[in-house]
Amino acid sequence: MPHPAKSGSFLSRGFFWLLVFLFISAAYLYTFPQPNVFYAAVVLLHAVAGLITAVLLAVLLFGLLRDGSTTSRFGWVLLAAAAVVGLILIKTGTPRVEWNLLYVHILLSLAGVGIVFAEWAGKRGWLAPAIGSSFIRCAICLLLLAGLGVGARYLREARWQRQARIENPSMPPGSMDGEGDGPGGPFFPSSAQVYGGHKIPSKFFMESDSCKRCHEDIYSQWFSSAHHFSSFNNQWYRKSIEYMQDTIGTKPSKWCGGCHDPAVLYSGLMDTPIKQIVHRPEAQAGLGCMMCHSIADVKSSMGQGDFYLEYPKLHELAATKNPIARGLHDFLVKLNPEPHRRVFLKPFMRNQTAEFCSSCHKVHLDVPVNHYRWIRGFNEYDNWQASGVSGQGARSFYYPAKPSQCADCHMPLTRSTDQGNIGGLVHSHRFPAANTALPTANEDAEQLKITEGFLKSGILSVDIFALSPARAQVKPGVANQSDLSTTFAVGEEAETKITPGEEAEVLPVTAPLSRVQPTVRRGDTVRVDVVVRTKKIGHFFPGGTVDAYDTWLELKGTDDKGQTIFWSGSLEGNGKGPVEKGAHFYRSLQVDAHGNGINKRNAWATRAVVYVHLIPPGAADTVHYRLHIPEGSGNKITLHARLCYRKFAWWNTQFSFAGVLDPNQPDGNVTPDYDDRKFAFAGSLKGVSAKEERIPDVPIVALAEDEVRLNVAAHNAPAPEPKTVLQGADWQRWNDYGIGLLLQGDLKSAQAAFEKVTEIDPKNPDGWVNIGRAAVQEGDMDRARTVLAKALSLSPDLARAHFFSAKVLRSDGRYDAAADHLRKVLIQYPRDRVALNDLGRILFLQRKYADAVNVLQSVLAVDPEDLQAHYNLMLCYNGLGDQKRAHEHEVRYLRFKADEASQAITGPYRQLHPEDNNERQAIHEHVSVPLSLGRVGTGLRPVQAERSSPKQTAGASK
């Protein structure tokens, strides 16, 4: 380091103080990155000072090397190298791709400063009396600097990572009035809040193009995405809000706006009926970059827009149209992007992706929205969290090689040279998922291609698996309505209870049909079983607003004469109209207080659920068809199954674009509880939110397909014998078949299928566990005890075997042993809510109330709205004599519990809609639409007479 007193030159003194400033400013900039003007000024000054210092060093370097010691010369060389790297960084900036160069600059600077300072201090006698060696002095200085560096790193990262986490409150609100800013808040009933309680100018959410300057690929991806078209530039959403506001007012629609309409809601415009401002730029902005990336804190995983937004102080500088100010902003961000990253990329966006996404992809309705009570709406988070896909669920049928979060599927890595890329890759902001409607309406061929490719990428499978004699009609098992008040499915996060069907003989099956050469006889009726399996899906299938789609399984049979002899799941209107009513659907069918179907995206009017058919992640559904073989059929029948998907349902698309009150129908009443009016699809298409003023033909995507061939014998031929082929490669197919039967309550048949798994591979614990699972559900604890012991002998640490073993032991009254098994589960899966609830319940039964409370509180840390946890906590606190806390949990329990009386509403609906009543049954069969032999369509001579028979009942079989 130059000696100002020795040189006496102004140049040397300036050089000295510049080095001091660079060291102090560098320490500040690295340790405390902040998005404010002061920090930005220091960044600029550091760069300017570095530039001046580099020039001075070039002037002084010869003298410093000539007059200095060998050690100091080395230090000055290191500083010179650091200066060169610094100049390069002023040119390139310090984006992620330049981080290696940045840390080279930091290390060279620290090493150079440490060595030069050690020599400088030694010459002044500061370290000389105790330390004679130049090497030791340098080592001490470098160690001190290394320690400072570690401390700076801790302050920079550890505190930041710790503070920016999503954690649930210990107690959820007792009513919706306790959510967000409450009834007096500007955004209520959305739970969203803004720091400072202010509104945010709408232009903040409308300037995504300012991000394009550095993130052009990401901007282009987003521009085609469903996020961009989340608001009133989406005709389906637009119509639903117009209808909602016409029916129940503008304020309840803010419940939607918290996630869909940031430029409208957070600026205060949503108090105006949207019909008056629908074509304003704010209403057409969608969900821009600033919406997701300005979320500063997610308050819980309860969804409902439960987050805080922050209006960045420097935003106006970033979005300014002044080229000088904009250029300065871009230069500073490029030079030191860390403050920018901290504003727009919080740690939870990477480390807790699912919890972050849950803030909008999990919802509930309550009195301020539906004038009724708390009801769970769609919910992608809870079933993911409880599944094997998350790595947090102990009871899944299947587990992926490694856990996945939302972004792993819906933001796949894609090639890009954008700023911030990692190894030439960025996460796609097209958010590929299932929305084929928007790119169709927008005529965006590339987005549609990517979406269809995603849907066809093997995320599900279809397997025409088994054939058996047609069953006599038996009393079907009916899935109990969930204890939780919900319009969505309840899966592994709360064990579904199935009432087993009336016990009947387990008929032998012929399977797998692709392995055997199945034969059927003319004139016979057989049952065909088709298995649909979720493979690469981390949530229920389908996901999202499951009342709004057409998702169904089609089975079509044609013979070698070209005749269509069976068809379930056909379409009207030359394959573009509604799906036939008797198809096997995957959806939530809801009704309002008068039993009208919820088909206008009017979830706020839901009062009862007729049925919910969804498939959990890593599970299966077994679908039954009653196939009659006509006397006039050929010698071969080809069965072709397709899992079909159309977003949105045909009726909803027609309504969204052209729905008006039907002038030919008598006026009906409409209230927040029901809408008795009739609608026609004859409205004007002028000004619809689509590229063309027409109703789009939303494509039907075949997500998965399968095909098998049946041999056809004469009616008087000997009855074909059942035949099974067991191959190692087919163990999962048998397992899937059994899973589907288990989940619909056909427990005996499920156990028979799982036995095939054990025959294929006796050392595979899955078969034994699943037999035990079915036996526990059936109440056959003796058999469950035996097969679960076999599973644990094969895999002593298998969590799901321990879980169901605990069920058996609990039924025996052996609470301590059951608790021990559950603790073994929780060592591996500490966030499994069902295991925690079961352990808490056992501790309660043992009157260990305090211990039970501790366990049950950990359930609420995962899901504050967990019904069973609140119920058991209510009991525990009563046992402890703490009436205040017991009452608090009683309030939550009653808030979240289902309205059991509401099922009475479904009775008249089911009488009028026998196909839906059939679908409601856990075990049921589907038959063909009426067909004329030899041609497709509706004929006078129905091959499948069962569909039109007046004697048919809405039970398991028609």
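Biologist: Let's start with Thr353: where is its place?

Modeller: Thr353 sits in helix α17, residues 353-358. Keep in mind that this is a predicted model.

Biologist: And why does Thr353 count as buried?

Modeller: The cut-off for buried is under 20% relative accessible area. Thr353 has 8% relative accessibility, so it counts as buried.

Biologist: Which residues is Thr353 in contact with, leaving aside its neighbours within four places in sequence?

Modeller: Phe348, Gln405, Cys406 and Ala407. Take Ala407: it is 54 residues from Thr353 in sequence, yet C-alpha to C-alpha the two are 6.8 Å apart in space.

Biologist: Now Lys313. What makes you call it exposed?

Modeller: Exposed needs over 50%. Lys313 has a relative accessible area of 73%, so exposed is the word. Lys313 lies in the loop between β3 (307-309) and α13 (315-319).

Biologist: What pairs with β16, and in which sense?

Modeller: β10 and β16 are antiparallel, joined by 9 bridges. With β23, strand β16 (residues 620-628) pairs in the parallel sense over 2 bridges. His624 shows both sides: it stands opposite Glu925 in β23, and Asp529 stands opposite His624. Tyr625, for its part, is opposite His926 in β23.

Biologist: What makes you say β16 is mostly covered?

Modeller: 9 of its 9 residues are buried. Both faces are covered: Ala620, Thr622, His624, Arg626 and His628 on one side, with Asp621, Val623, Tyr625 and Leu627 on the other.

Biologist: Why is helix α23 described as largely enclosed?

Modeller: Of the 9 residues in α23 (residues 650-658), 7 are buried, so the helix is largely enclosed by the rest of the structure. The buried ones are Asn652, Thr653, Gln654, Phe655, Ser656, Phe657 and Ala658. Their cover includes α8 (235-248), β18 (659-661) and β21 (679-681).

Biologist: What angle do α3 and α14 cross at, and why is that called roughly perpendicular?

Modeller: The axes of α3 (residues 37-67) and α14 (residues 323-335) cross at roughly 75° and come within 10 Å. Angles of 65 to 115 degrees count as roughly perpendicular, so α3 is roughly perpendicular to α14. From α3 the contact uses Ala40, Val43, Leu44 and Ala47, and from α14 it uses Leu328, Phe331, Leu332 and Leu335. By class, that contact has 8 nonpolar residues, no polar and no charged.

Biologist: Last one, Gln392. Why does it count as buried?

Modeller: With under 20% as the cut-off, its 14% relative accessibility puts Gln392 in the buried class. Gln392 is in the loop between α19 (381-385) and α20 (406-410).

Biologist: What polar contacts does the Gln392 side chain make?

Modeller: The cut-off there is an N or O pair within 3.5 Å. The Gln392 side chain has a polar contact of 2.9 Å with the side chain of Gln385, and one of 2.7 Å with the side chain of Arg831. Beyond four places in sequence, the residues Gln392 touches also include Trp384, Ser387, Tyr829 and Asp832.

Definitions and conventions. Residues numbered from 1 in each chain as written. Predicted model: local features only at pLDDT ≥ 70, side-chain atom pairs only at ≥ 80, totals over all residues. Heavy atoms only, no water. Helix = DSSP H or I, 4+ residues; strand = E, 2+ residues; numbered from the N terminus. Buried < 20%, exposed > 50% of the residue type's maximum accessible area, 1.4 Å probe, protein only. Polar contact = N/O pair within 3.5 Å; in protein donor to acceptor, adjacent residues only side chain to side chain. Contact = heavy atoms within 4.5 Å. Pairing = 2+ DSSP bridges. Axes fitted to C-alpha atoms, helices over the stretch in contact; angles between N-to-C directions. Parallel < 35°, antiparallel > 145°, perpendicular 65-115°, else oblique. Nonpolar A, V, L, I, M, F, W, Y, C, P; charged D, E, K, R; others polar.
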